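Hi everyone, thanks for making time this morning. Let me put the structure up, and then I'll walk you through it.

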Amino acid sequence: MPPWPNPLHQAGLRRLNISLDSLHPDTFRKITGRDRWQRVWDGILTAAAVGFAPLKLNVVVIPGVNDQEVPALAALTLDRPWHVRFIEFMPIGNETLFGEKGWVDSATLRQQLQDQFGLAPAHCPGNGPADVFSLAGAQGTVGFISQMSECFCDRCNRLRLSADGWLRPCLLNEVGQQNLKALLRGGATPATLRETVSALLTNKTDIHFKNRDRGGDRYTRTMARIGG
Ligand code: SF4
């Protein structure tokens, strides 16, 4: 049981993914457009104290912006049972946000951490498409999500729920997306909701970033509006 009542924990929520792209408030503001580093960090500490687990911290690595922080972010896992996941930057509607800097491939980051800390294969509950390792002697893990340098659509079981209630089958495919918010507000039964989600999952197709042109206009929202 958590040390104090938490409504989300009481409602049954256990796993949390939180974006933390930097340990520096200035860089955080540059990436997110919000001056909220301290608030996010305090939230992470609170989530850990309440006992949410696994607690995953997502880091989108952008060359020249936060790539130099990768070792420090990975080191958060040394004495905390947290799961830090490094994600290759996907230019979905945000190609020009940071200039023409592109992305850093996971293999380069993995080698960097291997050289500095030593890495061993590890496991994180619900790790999805991440390749997971632990630094030598660490309590937590580091994961690499390599959707730009590798294609893992064939093992992706994820659906995406936007903040305004649309459930879509994939980051790059909104064909068949369902408005769960409208269903809920319209009084849909749990059985109907379950059938809707199940049908969407059944119809989920593979579409890798490299093949996005083949998908034509399968998506219209930028990454920030998807919640990816
Ligand atoms: S492109 Fe879609 S199917 Fe492929 S990994 Fe991303 S969300 Fe999953």
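Let's start with helix α5, residues 106-116, which lies across β2, β3 (83-88), β4, β5 and β6 and runs at about 160° to β6. For the angles, axes are lines fitted to C-alpha atoms, for helices over the stretch in contact, and the values run from 0 to 180 degrees between N-to-C directions. Helices (H or I, at least four residues) and strands (E, at least two) are DSSP runs, numbered from the N terminus.

Before I go on, please keep in mind that this is a predicted model: local features need pLDDT of at least 70, side-chain atom pairs count only at pLDDT 80 or more, and totals for chains, interfaces and linings use all residues. Residues are numbered from 1 along each chain as its sequence is written.

Another helix, α3 (residues 37-50), lies across β1 and β2 (55-61), at about 160° to β1. Overall, the protein has 8 helices and 9 strands.

Now the sheet. What is the order of its strands? This open sheet of 6 strands reads β1-β2-β3-β6-β5-β4, with mixed pairing; two strands pair if DSSP finds at least two bridges between them. β1 (16-19) and β4 (119-121) are at the edges with a single partner strand each, so one side of each has no neighbour in the sheet. From one strand to the next, the twist averages 30°. Strands β5 (residues 131-135) and β6 (residues 141-145) run antiparallel and are joined by 3 bridges, and F133 has V142 in β6 as its bridge partner.

On to the core. The largest nonpolar core holds 24 residues, and V59, V61, V84 and F86 have the most contacts inside it. By nonpolar core I mean a set of buried Ala, Val, Leu, Ile, Met, Phe, Trp, Tyr and Cys residues joined through C-beta atoms within 7 Å. Buried means 20 or more other C-beta atoms within 10 Å of the residue's own, with C-beta atoms placed from the backbone. β2 gives the most to this core, with 4 residues. F86, setting aside neighbours within four places in sequence, is in contact (C-beta atoms, placed from the backbone, within 7 Å) with V59, V61, V70, S106, L109, V142 and F144. Across the protein, buried residues make up 22% of the 228 residues.

Finally, the ligand: 12 residues surround it, and the closest are C153, C156, C170, L171 and L172. The cut-off there is a C-beta atom, placed from the backbone, within 6 Å. Thanks, everyone!

Conventions:
Two residues are in contact if their C-beta atoms, placed from the backbone, lie within 7 Å. A residue is buried if 20 or more other C-beta atoms lie within 10 Å of its own, exposed if 12 or fewer, and partly exposed in between; C-beta atoms are placed from the backbone.
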